[in-house]
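Welcome, and thanks for taking a look at this one.

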Amino acid sequence: MSFLEKLNNQILIADGAMGTLLYSYGTDCCFEELNLSQPEQIQNIHKAYIDAGADVIQTNTYAGNYLKLQRYGLEDSVKEINSAAVRNAKHVAQNNAYVLGTIGGNRGIKPDSISIEELKRSFREQLYCLLLEGVDGLLLETFYDLEELEIILTIARKETKLPIIAQLSHQEPGILQNQTPVNEALKRLEGLGADVIGLNCRLGPHHMLVTLEQIELPKHAFLSAYPNASLPTYTDGKFHYEGDADYFRQSARAFRNEGVRLLGGCCGTTPAHIKAFAAELKNSVPVTEKVVKLKPKKVIVESAVKREYIPLQEVVKERPSVIVELDPPRKLDTTKFFEGAKALKEAGIDSLTLADNSLATVRISNESLGYLVKTELGLRPLIHISCRDRNIIGLQSHLMGLHTLGLNDVLAITGDPARVGDFPGASSVYDVSSFELIQMIKQLNEGLSFSGKDLGQKTAFSIAAAFNPNVRSLEKTVKRLEKKIHLGADYFISQPVFSEEKLIEIYENTKHLHAPIYIGLMPLISSKNAEFLHNEVPGIKIADSIRDQMAKLHDNPLQAAKEGIEITKSLIDAALELFNGIYLITPFLRYELTTELALYARQRASELRGHSYVENIIS
């Protein structure tokens, strides 16, 4: 009897984790390579699951594709590894179990990290290897990205008439990371030709059942579920699972009642877990009707934190606006920092921007100083957020904290790598780039976490994005700006510009954008300063003519600083002819320089446009 014919009449038990067992045996390498070097070990695991009662086993090929094998230098061994995996499984299965060729997802929390063309090429190579070896069906599992699974499934359905099981993974019960309800996503997979649709990984039985309660029985396909044993525990440098097999036995009937016909296990599960499922459900009759428990849609309220300032993107669209960066100190004495912040407030700036350990150099937390600037000086802080130092958990927690403190103005940046800073041995996290960070903040403004969880309240962030115009051609850079706008950026803040020609080039290439731009300007204080910035700081290029001007004054520091001020004033004049936003960067806490420039910019803006600056605080 065929696999699908059996599913039509009874519940089938699938196997559990392969990697968990290999890991528990002390194996810490590419598990898929063991199909070649240690076939007996793989076969023994397959046999253990069949002996435990599994009707279906999967090949040891979850990461057997080009994209994942290249991490181990095995990208040229895709065919050998997948072919051996099928042979190992079929050798053990004989006529006692169906063999599914397993293909795992590649994209995770960063869908754009792998192009669609790369996914297709890698998938096709692995698919053909599995089909040539004569598997009984395909198992597409652990796909967090719905788009990836839909693409893969579409290709697979065109290439074979074999049964296809398509399984998604979700981070929050009932919803995928792109906000698609799981019930809707599974319907889409059924529409693309999947014979079995379901869930695997990430969650244990409890939360997976919570999701299944919201899932309707498919019209033509069957439901599957492969829960994890539990949440992993980390002890003595190793991950392990503590899920009780008897707990699986107790949950088995609940899976049947939700319409599941193919029931197996994922991370942390062992033959003992599968034996528990089999003892309770093997050959049992599946349900054909169920009542779906649709959860009422929660109403997410607007932010309870009152926004005290008009968003900067609105300010700069209406009138000229000056913001100033003043770096948090590297030492614990904040006297000079607050002297500068107070002087800049008196100069009438619209916001004080605070970098997030720029150039990977350790400084006082910009969040703490931003809160003090706001509460003690009544000056709007703009907090830079780098992706370098916090993982995705820390980033979201940090943003929720900023919201709670009423710090609504943020600049999303990827951040300089740790190796350029004080601790070159430190790790750079980069769970996300500035693109995903912008998307995350935008999602928080909708009241949803990055994983899709309802936060019960919307944040009110105004999202700035970085813009580096110091490139040979602005065409690609402008496309990045367009993408950032699409993801939710409200306005841009540029790296410092040091020539009028570059200002004109920026204007001509960005005038079609609806998001305003604050043009970065930074006073030079010496020839040494100019050469360092030009040659060693990423994203900064200084015109040869300006470097020559500063070089002539290398023996006169006072005059060099004055020349730097005059150069910047000239650039302010040129910038205000084209843009409303001026972003002044303070060198080495020399706030007297940016204070003078802020006053000059205000005066010039008033002369050019006839505007007088007014406080833009919402009463």
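The axes of α8 and α9 approach to within 10 Å and cross at roughly 15°, an angle that makes α8 roughly parallel to α9. Bear in mind as you go that this is a predicted model. The protein has 619 residues, and buried residues make up 57% of them.

**The α8 and α9 pair**

- The crossing in which α8 passes α9 is right-handed.
- On the α8 side, the contact is made by Leu 146, Leu 149, Glu 150 and Leu 153, which meet Ala 185, Arg 188 and Leu 189 in α9.
- Sorted by class, this contact of α8 with α9 has 5 nonpolar residues, 2 charged residues and no polar ones.

**The α17 and α18 pair**

- Helix α17 spans residues 434–444 and helix α18 spans residues 474–487; their axes come within 8 Å and cross at roughly 25°.
- With angles under 35 degrees counted as roughly parallel, α17 and α18 are therefore roughly parallel to each other.
- Here too you can check the handedness in the viewer: α17 passes α18 in a right-handed crossing.
- Which residues of α17 and α18 meet? From α17 come Ser 434, Phe 435, Ile 438, Gln 439 and Lys 442, and from α18 come Arg 480, Lys 483, Lys 484 and Leu 487.
- By class, the contact of α17 with α18 has 4 charged, 3 nonpolar and 2 polar residues.

**Salt bridges**

- How many salt bridges does a search of the whole structure find? The search finds 29.
- As background, side chains of opposite charge can pair when their charged atoms come close.
- Arg 157 lies in helix α8 (residues 146–159) and Asp 195 in the loop between α9 (182–191) and β6 (196–200), so the pair ties together parts that are 38 residues apart in sequence.
- Are the two partners buried or exposed? Arg 157 has 22% relative accessibility and counts as partly exposed, whereas Asp 195 is buried at a relative accessible area of 19%.
- Glu 216 and Lys 187 join their side chains in another salt bridge, at 2.8 Å from N to O. This pair links distant parts of the chain, 29 residues apart: Glu 216 sits in the loop between α10 (205–212) and β7 (222–226), and Lys 187 sits in helix α9.
- Glu 216 counts as partly exposed, with 36% relative accessibility, and Lys 187 is also partly exposed, at 44%.
- A local example is the salt bridge of Lys 120 with Glu 117, where the closest N and O atoms are 4.0 Å apart. Both residues lie in helix α7 (residues 116–132), 3 residues apart, which is about one turn of the helix.
- Lys 120 is partly exposed, with a relative accessible area of 24%, while Glu 117 counts as exposed at 55% relative accessibility.
- Salt bridges also form a network, which links Asp 246, Arg 249, Arg 253 and Glu 280.

**A buried position: Ile 506**

- Ile 506 is found in helix α19, which covers residues 500–510.
- With a relative accessible area of 0%, Ile 506 is buried.
- Which residues does Ile 506 touch, not counting those up to four places away in sequence? The contacts are Phe 467, Pro 469, Leu 474, Val 497, Ile 519 and Phe 579.
- Pro 469 is one of these contacts. Ile 506 and Pro 469 are 37 residues apart in sequence, yet their C-alpha atoms are 6.9 Å apart in space.

**The whole protein**

- The secondary structure comes to 23 helices and 18 strands.
- Taken along the principal axes, the C-alpha atoms fill a box of roughly 90 × 50 × 45 Å.
- Among contacts between residues at least 6 apart in sequence, 79% join residues at least 24 apart.

Notes. Residues are numbered from 1 along each chain as its sequence is written. This is a predicted model: local features need pLDDT of at least 70, side-chain atom pairs count only at pLDDT 80 or more; totals for chains, interfaces and linings use all residues. Side-chain values use heavy atoms; hydrogens and water are left out. Axes are lines fitted to C-alpha atoms, for helices over the stretch in contact, and angles run from 0 to 180 degrees between N-to-C directions. Helices (H or I, at least four residues) and strands (E, at least two) are DSSP runs, numbered from the N terminus. Angles under 35 degrees count as roughly parallel, over 145 as roughly antiparallel, 65 to 115 as roughly perpendicular and the rest as oblique. A crossing is left-handed if the near helix is turned anticlockwise from the far one by less than a right angle, and right-handed if clockwise. Contact means heavy atoms within 4.5 Å. Ala, Val, Leu, Ile, Met, Phe, Trp, Tyr, Cys and Pro count as nonpolar, Asp, Glu, Lys and Arg as charged, and the others, Gly among them, as polar. Buried means under 20% relative accessible area, exposed over 50%, partly exposed in between (1.4 Å probe, protein chains only).
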